[in-house]
Amino acid sequence: MSKALHLSEIANIQSGYSFRVKVVNIDNGKLGVIQAKDIKGLYVDEGSLARIDQDYAESRIQQDGDILLTSRGSFRASVGKFSEATIASSSLFTIRLTSKEFLPEYVSIYLNSDAAQYYFSQSAKGATIQSLVIDDLRNLSIPHIPLENQQIIINLQRNIEDQNRLLKRKQEIVNGVLNTSISQTIEGAIK
């Protein structure tokens with residue numbers, strides 16, 4: 001039987017940066033901004049991030065392997081892999097693992113699991129929009145399983161996401177064929 005550890009025992013947790021104004025994309029901005037809308041799959045899609053031209057403390061810059069968790073509404077997690085400097089907005093928590101016994105992807109998958117989501121729903125505050133406080137997040141228990149089992153779970157998640165992308169692409173192709181057929185049929189009937 002595996003034991004569980006509190007998130008605070010395996011990671012440092014930091015709230016995202018609170019911008020005083022709305023984040024407005026600047027083409028070729030030197031700093032990427034991760035917002036709640038960017039947390040969708042196992043990994044943050046770096047290509048979809050807004051870019052800004054501001055300087056920030058090095059402690060705010062994201063590192064590869066940081067886990068980003070939305071702090072309000074529906075609670076979703078993704079792992080960051082960044083080729084350029086990036087910062088998290090206030091709608092996110094940054095979870096930086098301090099233990100080598102946990103893989104970031106495994107922790108992210110666990111944060112998206114039914115068990116963690118139930119914990120969040122019980123811990124969240126607010127009547128209209130639910131939000132997490134950092135102390136409740138620190139107290140979340142994460143099952144400690146062997147690294148090879150964590151990797152199996154990660155591989156399964158990657159496979160599921162790959163299959164979903166293929167199914168979406170297939171649906172787009174089928175819809176394209178249908179729309180083309182309808183257009184050609186209507187054009188033929190009008191002539």
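A pocket here is an open set of grid points with protein on both sides within 12 Å along at least five of seven lines. The views below come from a predicted model.

**View 1. The largest pocket and its lining.** The volume of the largest pocket is about 260 Å³. Its lining includes K37, D38, K40, G41, L42, Y43, D45 and S48. E161, N164, R165 and K168 also line the largest pocket. By residue class, the lining holds 7 charged, 3 polar and 2 nonpolar residues.

**View 2. Helix α5, residues 147–190.** Helix α5 has 44 residues. From first C-alpha to last, α5 reaches 64 Å, close to the 64 Å expected at 1.5 Å a residue. Q150, I154 and E161 are buried in this helix. The buried residues of α5 pack against α2, which covers residues 104–111. E161 is also one of the residues that line the largest pocket.

**View 3. S91 in the loop between β7 and β8.** Strand β7 covers residues 86–88 and strand β8 covers 92–97; S91 lies in the loop between them. Is S91 buried or exposed? S91 counts as buried because its relative accessible area is 14%, and the cut-off for buried is under 20%.

**View 4. The surroundings of S91.** The side chain of S91 reaches the backbone nitrogen of A36 at 3.4 Å. Neighbours within four places in sequence are left aside in this view. S91 is then in contact with Q35 and A36, and also with L69, T70, S71 and R72.

Terms used: Residues are numbered from 1 along each chain as its sequence is written. This is a predicted model: local features need pLDDT of at least 70, side-chain atom pairs count only at pLDDT 80 or more; totals for chains, interfaces and linings use all residues. Side-chain values use heavy atoms; hydrogens and water are left out. Helices (H or I, at least four residues) and strands (E, at least two) are DSSP runs, numbered from the N terminus. The expected span of a helix is 1.5 Å times one less than its number of residues. Buried means under 20% relative accessible area, exposed over 50%, partly exposed in between (1.4 Å probe, protein chains only). Contact means heavy atoms within 4.5 Å. A polar contact is a pair of N or O atoms within 3.5 Å; within protein, one must be able to donate a hydrogen and the other to accept it, and residues adjacent in sequence count only if both atoms are side-chain atoms. On a 1 Å grid over the protein atoms alone, a cavity is a set of points where a 1.4 Å probe fits but cannot get out, and a pocket is an open set with protein on both sides within 12 Å along at least five of seven lines; lining residues have an atom within 4 Å of a point. Grid points are joined across faces, edges and corners, and a volume is the space filled by probe spheres set on the points. Ala, Val, Leu, Ile, Met, Phe, Trp, Tyr, Cys and Pro count as nonpolar, Asp, Glu, Lys and Arg as charged, and the others, Gly among them, as polar.
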